[in-house]
Amino acid sequence: MTETTRRTVMLGASGAGLAAVLTGCASYGSPTTGAEVEPPAEEASSEAPKKKSESKAKALANTSDIPEGGGKVFKNQKIVVTQPTAGEFKAFSAVCTHQGCTVDEVADTINCPCHGSAFSITDGSVANGPASEPLEEKQIKVDGEKIRLA
């Protein structure tokens, strides 16, 4: 008789837990969660988009941070910015097209530490394999002394 009682108690406890989980899932996305509540009228005014478009993106670097004939890797943003000739700035993905490692240095080329791939600082093309595809070009904007992602 003791075995049946334990089994009954365990089944009852697990059933109650399952019911609680299902109840929580059933209410996900319902109006009571706030997921479908419309924003207040003041957020929908015509001024909100204007303020957003006027704000400038955070600067990635100063132009003086990027050496002429070289570049700099921004690991957190997975971007590499180069200056092939004076005043000409380019940006590329810092993810190597060979096996997805992050490039780690820029000298005469953009270099990947994993398997030795190297890429042109001018256009991101493969200068040395095993990579067979160029780095993806990224859009930047030079605004005075600041370099920003476009």
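In which strand does K90 lie?

Analyst: K90 lies in strand β4; strands here are DSSP runs of type E with at least two residues, numbered from the N terminus. The model is predicted, so local features are given only at pLDDT of at least 70 and side-chain atom pairs only at pLDDT 80 or more, while totals for chains, interfaces and linings use all residues. Residues are numbered from 1 along each chain as its sequence is written, and side-chain values use heavy atoms, without hydrogens or water.

K90 has a relative accessible area of 23% and is therefore partly exposed. On this scale, buried means under 20% relative accessible area, exposed means over 50%, and partly exposed lies in between, with a 1.4 Å probe and protein chains only. Leaving aside residues up to four places away in sequence, K90 touches V80, V81, T82, P84, I121, T122, E137 and I140; a contact is a pair of heavy atoms within 4.5 Å.

A nonpolar core is a set of buried Ala, Val, Leu, Ile, Met, Phe, Trp, Tyr and Cys residues joined through side-chain atoms within 4.5 Å. The largest core has 14 residues, of which V73, V80, V103, V106, I110 and F119 touch the most other members. Apart from it lies another core of 10 residues, including I66, F74, I79 and I140. In soluble globular proteins, nonpolar side chains tend to be buried together. V106 touches G70, G71, K72, V73, V80, T82 and I121, again without counting residues up to four places away in sequence.

Two members of the largest core, I110 and F119, also meet in a sheet: F119 in β7 is the bridge partner of I110. Three bridges join β6 to β7, and these strands run antiparallel. They belong to an open sheet of four strands in the order β5-β6-β7-β8, with antiparallel pairing; two strands pair if DSSP finds at least two bridges between them. β5 and β8 (126–128) stand at the edges with a single partner strand each, so one side of each has no neighbour in the sheet.

The cysteines come next. The whole structure holds one disulfide, that is, a pair of cysteine sulfur atoms within 2.5 Å. C101 and C114 form it, with their sulfur atoms 2.0 Å apart. The pair links distant parts of the chain, 13 residues apart: C101 is in the loop between β4 (90–93) and β5 (105–106), and C114 is in the loop between β6 (109–111) and β7 (118–120). The torsion about the S-S bond is about -110°, so this disulfide is left-handed. C101 is buried at 18% relative accessibility, whereas C114 is partly exposed at 38%. For C96, the closest cysteine sulfur is that of C112, at 3.8 Å, which is too far for a bond. C96 is buried at 4%, and C112 is buried at 6%.

One backbone feature remains. K78, in the loop between β2 (70–74) and β3 (79–83), has a phi near 55°, a positive value in a residue other than glycine. K78 is partly exposed, at 42% relative accessibility.
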